[in-house]
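Have the sequence and the 3D view ready.

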Amino acid sequence: PYLNALKRKYPDSEIDFLTREETAPIPRSLLLFSRVFAIGGGKRFKRQCLAMLVLLPRLILRRYDIVLDLQNNELSRWVTSALRPEAWSRFDKTSPVPAGERTRRALEGAIRRAQNGSA
């Protein structure tokens, strides 16, 4: 719902999605995303890292303004750092605040930071 609200508020924005290859058909079936990038390598971390090294130059060339890291794992933190977005937000897996509220706050905070030019 929050990504749909973001798209409604900023209709000219492009929202790309990065996921593992085996889950890519789901976001690819949604009209919400401009592009869905898939990381190969199955569930093996080392293979995912190798696949990400191949994909990363394409992502860097996109020059993202905002990155929302919904996984907050080692690989996603590495990718976010490599992309060097103007603003970013990471999902907090241990927060007592409900996920929907955290997502809303993260989106609003990332947009605010991007508009202010700080990360």
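Here is a short briefing on pockets and backbone angles.

This is a predicted model, where local features need pLDDT of at least 70 and side-chain atom pairs count only at pLDDT 80 or more, while totals for chains, interfaces and linings use all residues. Residues are numbered from 1 along each chain as its sequence is written, and side-chain values use heavy atoms, with hydrogens and water left out.

**Pockets**
- A pocket is an open set of points on a 1 Å grid over the protein atoms alone, where a 1.4 Å probe fits, with protein on both sides within 12 Å along at least five of seven lines; lining residues have an atom within 4 Å of a point.
- Of its 40 lining residues, Asp16, Phe17, Ile66, Val67 and Leu68 are the closest to the centre.
- The second largest pocket holds about 220 Å³, and its lining includes Tyr2, Lys9, Arg104 and Gln115.

**Backbone angles**
- Most residues other than glycine have a negative phi.
- Asparagine 72 has a positive phi, near 50 degrees, and is partly exposed because its relative accessibility is 21% (partly exposed lies between buried, under 20% relative accessible area, and exposed, over 50%, with a 1.4 Å probe and protein chains only).
- Arginine 84 also has a positive phi near 50 degrees, and at 72% relative accessibility arginine 84 counts as exposed.

Technical notes. Grid points are joined across faces, edges and corners, and a volume is the space filled by probe spheres set on the points.
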